[in-house]
Amino acid sequence: MKLADEVFRAPHPSLSTLDAFGEIAEDEKGNEEALRLSLLWSELAIRVPTEPQAALGLLDIANTRKSRRTRLVNELTPVLAQTAVTVASTMPPSEAWRFLQVLIEKLGETRSRLSLVSSISASTISLAQRHPVDAVEVASQVVEGGGYLLKDLATGIAKSSDAFEPAARNLAIVRGDVLLRTVLASPELAVRLLASDYGIETALAASIDGASEEEIETARKCLLPQLVSDRHAGLFAGLMADANATTIAIEAERLKNANDFTATALNDVLVDVAQQADEIVPLRGTVAEARQSQESNAMLRKLLGPNVADVRWILSVMKSSDARRSMLLVDVLTSASRQQLCAIFEAPDILDGVLKATEDLPAATEVLARLVENVRLQPADQVALVIRILTRMSGPRAGDIAVVGLEAVLSQAFLPEREQLVSTFFSHASEHIDSVRILSIGAGQEVPADLASSNLVLFDNSPPVVRNKFLRNPMALADTIVGRGAFSLSYEGGEAVGRLLWDSAPVDYHGFRLASAKLLSFLTNAKTEAASPIVAAAFPSVYRELQNESLPDFLSYMFPFMDWDRCKVARSELARAFLRSNWRPRDIALAAARAEDADRILRSIAKQDNGLWAISLIEREIDTLPEPWKRQVKKAIKNLRKYPLGYKSPSDG
């Protein structure tokens, strides 16, 4: 029609008005194709307002005119934009998205494409907002088509109202890369999807696994700020994988401000990541600053291990007013193995800090008990610790711990109130004491003589239940004294040994006989006065054994004779040893009386050089002897005077 008008009805016939591309004017041969396309262009341009598909035809024609394409597309842009707006508001959603996608694709890589996308943004957003479920269905097509409309599609979904939930749930089942790109296209969509439980987190976490480094970094910036609940843990873990120190610090501060670390699952992820990156200490500091809660306290505990550095951190960084300080300390130490406890308390300042921090905490008793049982502390510290424990603990375990305290006290001469401490430990540990071990610790070879003497006096004065343990094993006592080597005990120490040995006779007579023989053999040449109380206890049983026809094996090495009076030899040996030593006269008199042969033993002494002088010394101390021994000695001295040397007394038979 238009062609007829321009040729047959116009005053001046011409085809110039039909030359849409400027190609007819240049055509000298009469190109029919140029005329046909020009006529089609004109026809399509007229139909665009009512038939949007015509716009696609115009673009197809423009794309065939390579030399004039840019000009033609630029001229078409306003028309295309208006067409897109019309399509978005009038076509069914799926057709509209298909049309817009084709339109964008046909524009190709031109500035007009970007201009068009920008000019139709509001309409595209509106389309997705009104029909979010349909928008989700075409998301993959949009992504595959270059994603030029993806931002508006995602923004529109985010702005939708009633249909948002089904759209969100449908979005969770789209292909991973499409989901991730769609969510990242609109921060608003990310916020809304993660604000409520639409089941999107698991799908998003899975999409992170196949994402590029660039996408992951973008996802961190976009998604991490939205992750505040336990249901976000999987996604949080995916985004925090291989996170550096800066990212960990930022996320720690964010979670502290967002929820004070009340999301346990997120806390666990952050702890794991910090451990892998060796960023535990900075994270611990941030957590300690958060508002206290069961969850944040549990997280803080996970950031503490049974080692010197972490224990010192609790003691030095956490304020004494912080209620968590003592509880965390107890919990960390409770989890420590024996080796870890030893390593922790090797540090010189740790014990004092722990004791002060847990002073009023009953729960600390178990930790302190394990400390005593497993760690070798300084004796003074060990004793103080045991005393503290015993005020809070009873039963068999308390007895074992009291033994530890006892052993520590026995090894130190300078501890104040030493006797009272030993008494206390004896009362708690009575059933748990190993007499052999205690003798070794308290009076063994390495123990100084003054300390050993003091300890032996304490053993002798111990409660009956404890003392009886020493009496039941007289050989242990003898082995301990002999094992010291040179005899160097004080007189008080010797007295204690003598009393323990003598009192063991009714408890273990066989052991008493063996121990007496061993000690008498050991002390025969000892000149110190401290030996005499032991001789007073040991000599009588040996003497009585010598009166038997058959000599026991344990005495045969001491008296290797058979053809003369063994007892006479023993009396002579005792007399000579007494006069060559500093033995106390009253102890030798006691030995004679206990041997039940005071007459002959004192007479044997009197026969030695200076023997009568020695008898006078015995007589001077006679009143210090207990009964019935005093009476026997007095009678023997009386007989000695009645029957002077050279005369046969009745006791001589």
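Trainee: Where is N610 found?
Mentor: N610 sits in the loop between α39 and α40. This is a predicted model, by the way.

Trainee: Is N610 buried or exposed?
Mentor: Exposed. The relative accessible area of N610 is 59%, and the cut-off for exposed is over 50%.

Trainee: What about the phi of N610?
Mentor: Positive, about 65°, although N610 is not a glycine. Most residues other than glycine have a negative phi.

Trainee: Which other residue has a positive phi without being a glycine?
Mentor: E596 is one of them, with phi near 60°. E596 lies in the loop between α38 (585-594) and α39 (598-606).

Trainee: And E596, buried or exposed?
Mentor: E596 counts as exposed, at 63% relative accessibility.

Trainee: Which peptide bond is cis?
Mentor: The one from E627 to P628, with omega near 5°. Most peptide bonds are trans.

Trainee: Where is the place of P628?
Mentor: In a loop again. P628 falls between α40 (611-620) and α41 (629-642).

Trainee: Let's step back. How many helices and strands are there?
Mentor: The protein has 41 helices and 0 strands.

Trainee: How much of the protein is buried?
Mentor: Of its 653 residues, 51% are buried.

Trainee: What about contacts between residues at least 6 apart in sequence?
Mentor: Of those contacts, 68% join residues at least 24 apart.

Trainee: Which residues lie nearest the centre of the largest pocket?
Mentor: R376, E407, A408, R437 and I441, out of 20 lining residues.

Trainee: How does that lining divide by class?
Mentor: The largest pocket is lined by 12 nonpolar, 3 polar and 5 charged residues.

Trainee: How many cavities of 30 Å³ or more are there?
Mentor: The count is 1. The largest cavity holds about 40 Å³ of space.

Trainee: Which residues line the largest cavity?
Mentor: W97, R98, Q101, V138, Q141 and V142. By class, 3 are nonpolar, 2 are polar and 1 is charged.

Trainee: Which helix gives the most to that cavity lining?
Mentor: α5, with 3 residues. Both α5 (93-107) and α9 (139-144) supply at least two.

Trainee: Back to loops. Where is S462 found?
Mentor: In the loop between α30 (449-460) and α31 (464-471). N461 is found in the loop between α30 and α31 too.

Trainee: Is S462 buried or exposed?
Mentor: Buried, with a relative accessible area of 8%. The cut-off for buried is under 20%. N461 counts as exposed, at 56%.

Trainee: What does the side chain of S462 reach?
Mentor: The backbone oxygen of F459, at 2.7 Å.

Trainee: Leaving aside neighbours within four places in sequence, what is S462 in contact with?
Mentor: F426, R467 and F470.

Trainee: How far apart are N461 and A496?
Mentor: In sequence, 35 residues. In space, C-alpha to C-alpha, they are 8.4 Å apart.

Methods:
Residues are numbered from 1 along each chain as its sequence is written. This is a predicted model: local features need pLDDT of at least 70, side-chain atom pairs count only at pLDDT 80 or more; totals for chains, interfaces and linings use all residues. Side-chain values use heavy atoms; hydrogens and water are left out. Helices (H or I, at least four residues) and strands (E, at least two) are DSSP runs, numbered from the N terminus. Buried means under 20% relative accessible area, exposed over 50%, partly exposed in between (1.4 Å probe, protein chains only). Contact means heavy atoms within 4.5 Å. A polar contact is a pair of N or O atoms within 3.5 Å; within protein, one must be able to donate a hydrogen and the other to accept it, and residues adjacent in sequence count only if both atoms are side-chain atoms. On a 1 Å grid over the protein atoms alone, a cavity is a set of points where a 1.4 Å probe fits but cannot get out, and a pocket is an open set with protein on both sides within 12 Å along at least five of seven lines; lining residues have an atom within 4 Å of a point. Ala, Val, Leu, Ile, Met, Phe, Trp, Tyr, Cys and Pro count as nonpolar, Asp, Glu, Lys and Arg as charged, and the others, Gly among them, as polar. Grid points are joined across faces, edges and corners, and a volume is the space filled by probe spheres set on the points.
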